[in-house]
Amino acid sequence: MLIAIPKEVVTIIKEFQKHKYPIYIVGGAVRDILMGKEVSDWDFTTSATPEEMLAFLPNSYYTNSFGTVGVPSETKDLKPFEITTFRTEHGGYSDHRRPNEVRWGKTLKEDLQRRDFTINALALEVNLDNQKRKDLLEVNLIDYFDGKKDLNEKIIKAVGEPHDRFSEDALRLVRAVRIASELGFNIEKNTFEAIKKHSDLINKISKERIRDELIKIFSSPKPHKGIILLKETLLLEHILPEMTKTYGVEQKSPGRHHISDVWTHSLDSLKFVSELNNDPIVRFATFIHDIGKPQTFKVLPSGTITFYNHEVVGAIIARRIAERLRFSNEQKDKLVRLVRYHQFTVNENQTDSALRRFIRNVTPQLIPDMIDLRIGDRLGSGAKLTSWRLENFKKRLIEVQKQPFSLKDIKVTGHDVMEILNIPPGKKVGEVLNDIFKKVENKELENERDALVQYIKSLKTEA
Ligand code: ATP
Ligand code: MG
């Protein structure tokens, strides 16, 4: 096979050859090359130990205790190159997380054997001696576990005995779903059954590592497919138990538009929002926007089903989830706000100040995401993409944002008030500013510096 390999990668391979160590391309890069995709993340494996590599690789550094050495890349968009010493993991995994000891392996085969899935256990050997074309290099694919066949058939399959592999390292449970979701693959039957059987072991894995996988699932092209896999493998009951309570919660009522249960509606909303918005937190928020419904479900005597205040309850649950999964403060704030205010009314009779309150609550930066959530929600309930009401609402949001929002947006300051009225700092200054703000809001005054200065002067003559 002939492939194009970046110069920097060739330089690294040459260094290893010069020092008589075998080196192979492994991991996601091999998958990407075989699938004809651009590679952004180059990983390698070698028989050289980290100390040996550090001695001959300029700029290299030791990244962890698992034998990985990093080399920074000078190309934009390329992650640092990671080179890991061959490993075997026969030391056992008493905590279902990491091997009791890391042992360097002697052969490539030993190293590939400890990798999680067949499509991740492929290696490429680059032949630098026999270069036929200037831009392309000859490579050999090394495939001990039929990874290429599984890649062609779009299958995630454990290397070796799936039960052993998942109980060794429970992170692989959710990695299987994440990689399936990223690549649009299916999970092979025995591998799938093993994940289901060992799903509770995911609780042994740190929340940060689960969060990283979950965010990758929400960032993938079709996150709802990944979520369906999490449900079917029973992992969701451990990762997001609050969402499993929405299964089968009916919302059909006389005169209401809902066509499906809360779970199905959540999945559909996620599917639609993902076509509009790539932000994993916005997609996550859309998925859980109705998470407060199971707790607020009520049937009125008329037969109508209601969920009063489900967005308030939902926001509390969203906060708990964000804290449990160790989201950053920014991620948490975004998730909670989007859930808390998703139930906004779109009505032409709303006053400007009601719209402004909405914008203040959601925050101006999150307004486009909030609208995307609403569109996902609409489409996920079988409604049309938009309505004249929603379009009108969007226009008004833009108009209203041109007007001042808070005291700091008006074109005079407390300083001006003190100077013009010749008064000391105190309550009176705030009163004047608030009065001006109200008048600007009601359009009695224009938010222009000259006009406002004139107005303050007029207060002076009044006094
Ligand atoms: P990407 O970087 O595109 O997410 P990747 O396959 O390169 O995909 P990494 O997390 O970078 O994923 O891991 C590199 C390789 O290390 C994997 O392809 C796999 O061979 C191996 N690997 C990673 N994590 C595990 C694990 N928990 N158990 C076994 N092998 C693993
Ligand atoms: Mg990688």
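**Exercise 1. Find which protein atoms are donors to the magnesium ion (ligand 2).**

Start at the ion: its protein donors are Asp41 (OD) and Asp43 (OD), at 2.5 to 2.6 Å. Donors here are N, O and S atoms within 2.8 Å of the metal (3.2 Å for Na, K and Ca), and with water not among the atoms, sites may look incomplete. Now check Asp41: its relative accessible area is 26%, so it is partly exposed (buried is under 20%, exposed over 50%, partly exposed in between, with a 1.4 Å probe and protein chains only).

A quick note before you go on: this is a predicted model, where local features need pLDDT of at least 70 and side-chain atom pairs pLDDT 80 or more, while totals for chains, interfaces and linings use all residues. Residues are numbered from 1 along each chain as its sequence is written, chains are lettered from A and ligands numbered from 1 in the order written, and side-chain values use heavy atoms, without hydrogens and water.

**Exercise 2. Work out which residues come nearest to ligand 1.**

Next, look at the oxygen atoms of ligand 1: a polar side-chain atom of Asp41 sits 2.8 Å from one, and a backbone N or O atom of Asn120 lies 2.9 Å from one. Then try a nitrogen atom of ligand 1, which is 2.9 Å from a side-chain N or O atom of Asp169.

Terms used:
Near = heavy atom within 4 Å. Polar contact = N/O pair within 3.5 Å; in protein donor to acceptor, adjacent residues only side chain to side chain.
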